[in-house]
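Please take the following model one contact at a time.

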There are 2 protein chains.
Amino acid sequence: MMYSMTDATATAPRWLDAREQAAWRAYLDMTTKLSARLNREMQDDSGISAADFAVLVPLSEHSDARMRVLELARALGWEKSRLSHQLTRMQQRGLVERSDCSEDRRGAFIVLTGKGRDAVVAAAPKHVESVRRYVFDELSTEQVDALGAIARIVAEQCDAACSGREETCGSDGFE
Amino acid sequence: MMYSMTDATATAPRWLDAREQAAWRAYLDMTTKLSARLNREMQDDSGISAADFAVLVPLSEHSDARMRVLELARALGWEKSRLSHQLTRMQQRGLVERSDCSEDRRGAFIVLTGKGRDAVVAAAPKHVESVRRYVFDELSTEQVDALGAIARIVAEQCDAACSGREETCGSDGFE
DNA sequence: GGAATTTGGTTGAACCATCAACAAAGACGC
DNA sequence: GCGTCTTTGTTGATGGTTCAACCAAATTCC
């Protein structure tokens with residue numbers, strides 16, 4: 001809201017024109033509704049959250065189903081604190097376990113449990129079906145390419161703002 | 001992740017093809033980075049959160065700067081609980097006040113404070129500048145239209161999944 | 001009038017994200 | 001060895017979101 005406005009400021013900002021406003025509102029509408037639907041369906045269909053899923057996927061793709069915390073954080077593009085909290089909750093739910101690392105006694109291995117593996121194996125195909133249903137089945141190939149191109153441009157612009165600071169600016173890895 | 005996969009399930013799901021995978025990854029990357037940047041800049045530049053801003057905007061657009069809670073909730077597309085929690089925090093920060101409603105003694109009016117008005121007036125132009133910088137300054141008019149069209153399609157598909165249940169499925173109203 | 005229901009709104013618990021602070025182990029310089 | 005710095009990871013606080021439960025006032029139905 002407030003992308004149009006009767007201007008009363010000194011440094012006249014350039015407000016969005018009608019075309020831009022329409023696109024922006026639609027974008028906000030899409031992102032909130034889509035992420036809500038995907039989260040909810042993951043929870044309802046498979047009993048795990050989107051954040052759980054994001055963590056389980058890289059773990060399950062490792063041959064020995066265990067990773068160091070920072071290795072996992074880098075794979076997800078998350079900061080370590082966020083991951084640590086998430087792992088604590090997942091451990092309580094029995095999806096992962098922590099085990100000590102003998103080579104580096106500061107470190108910890110995160111190990112996928114049987115329950116965790118079952119969850120991610122069950123969730124993955126349903127999640128893909130959801131993404132398909134809400135997005136790709138509805139778009140033309142030109143639109144898919146356009147979406148990719150637009151998203152890369154915007155993401156890169158965000159990255160540009162971050163560098164200079166060595167902020168994390170990590171990607172989500174969700175879904 | 002896991003949009004490709006060696007298939008080992010009974011009901012062979014249709015995985016995403018390379019084009020779709022690329023678009024999906026880019027989409028996720030864009031949404032996480034863009035919302036992180038916009039949230040952070042709002043906080044840094046104006047000292048309020050994106051959620052605060054979302055609430056302040058419709059309030060500030062009302063002539064008497066006060067609204068009933070559910071009126072506000074509908075304007076935002078939020079559920080009442082979410083809004084109630086948000087209002088409690090905003091009240092603590094001095095951005096709004098609650099006042100009793102004489103006509104309906106269950107009800108409450110939410111009133112914009114002077115501090116709240118100052119905050120939203122200061123935040124709005126900076127926020128528009130951010131949106132411009134990260135999105136519209138980088139896209140062609142064709143891309144802006146394409147984004148609008150794609151977003152409307154996906155949002156509508158999400159709506160379709162919700163109706164049948166009278167779920168809220170509200171839009172955010174943020175930004 | 002009086003019981004049942006609906007409406008308006010709050011609360012508490014659980015989850016998720018971010019920031020700052022911390023502790024313990026390793027690495028480096030001497 | 002000893003001090004400093006860096007790496008690894010956890011913790012606590014605060015803010016945001018959702019769900020279910022709840023209370024009280026208003027409405028509906030008889």
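Predicted model: local features only at pLDDT ≥ 70, side-chain atom pairs only at ≥ 80, totals over all residues.

A residue counts as near a molecule or strand if its C-beta atom, placed from the backbone, lies within 6 Å of it.

Which element gives the most to the surface near DNA strand C? It is H4(B), with six residues. By class, the surface near DNA strand C has seven nonpolar, nine polar and 11 charged residues.

DNA strand D is surrounded by 26 residues, and the closest are A:Leu70, A:Ser81, A:Ser84, A:Gly107 and B:Ser49. H4(A) gives the most here, with six residues. The surface near DNA strand D divides into six nonpolar, nine polar and 11 charged residues.

The next topic is how the two protein chains are related. Chain B can be laid on chain A with an RMSD of 0.1 Å by a turn of 180° and a shift of 0.0 Å along the axis. This is the relation of a two-fold axis. Of the interface residues of chain B, 100% are also interface residues in chain A, so the copies meet through the same surface.

How many residues does the contact take from each chain? There are 61 residues from chain A and 61 residues from chain B. On the side of chain B that touches chain A, the elements that give two or more residues are helix H1 (18-46), helix H2 (50-61), helix H5 (114-134) and helix H6 (141-162) of chain B. H6(B) gives the most to that side, with 17 residues. By class, the side of chain B that touches chain A has 38 nonpolar, nine polar and 14 charged residues.

Within the contact between the chains, two helix pairs can be followed in detail. Two packed helices are described by the angle between their axes and the distance between the axes. Helix H1 (residues 18-46) of chain A packs on H6(B) at an angle of about 35°, with the axes 7 Å apart. The crossing of H1(A) and H6(B) is left-handed. On the H1(A) side the residues in contact include A:Ala22, A:Ala23, A:Ala26, A:Tyr27, A:Met30 and A:Leu34. Among those that H6(B) brings to the contact are B:Val144, B:Leu147, B:Gly148, B:Ala151, B:Ala155 and B:Cys158. The residues of the contact of H1(A) with H6(B) divide into 13 nonpolar, two polar and eight charged.

The other pair is formed by helix H6 (residues 141-162) of chain A and H1(B), which pack at an angle of about 35° with their axes 7 Å apart. H6(A) and H1(B) cross in the left-handed sense. Residues of this contact include A:Asp145, A:Arg152 and A:Asp159 of H6(A), and B:Arg19, B:Glu20, B:Asp29, B:Lys33 and B:Arg37 of H1(B). The classes in the contact of H6(A) with H1(B) are 13 nonpolar, two polar and eight charged residues.

The sheets remain. In chain A, three strands form an open sheet in the order E1-E3-E2, with antiparallel pairing. Its edge strands are strand E1 (66-68) and strand E2 (96-100) of chain A, each of which pairs on one side only. From one strand to the next the twist averages 30°. E2(A) and strand E3 (residues 108-112) of chain A pair over five bridges in the antiparallel sense, and A:Arg98 stands opposite A:Ile110 in E3(A). Helix H3 (residues 69-76) of chain A packs on this sheet, where it touches E1 and E3 of chain A, and its direction makes about 90° with that of E1(A).

In chain B, strand E1 (residues 66-68) pairs with strand E3 (residues 108-112) in the antiparallel sense over three bridges. B:Arg66 stands opposite B:Val111 in E3(B). Strand E2 (residues 96-100) of chain B is also antiparallel to E3(B), with five bridges, and B:Ser99 stands opposite B:Phe109 in E3(B).

Conventions:
Residues numbered from 1 in each chain as written. Chains lettered and ligands numbered in written order. Contact = placed C-beta atoms within 7 Å. Helix = DSSP H or I, 4+ residues; strand = E, 2+ residues; numbered from the N terminus. Nonpolar A, V, L, I, M, F, W, Y, C, P; charged D, E, K, R; others polar. Least-squares fit on C-alpha atoms with pLDDT ≥ 70 in both. Axes fitted to C-alpha atoms, helices over the stretch in contact; angles between N-to-C directions. Left-handed = near helix turned anticlockwise from the far one by under 90°. Pairing = 2+ DSSP bridges.
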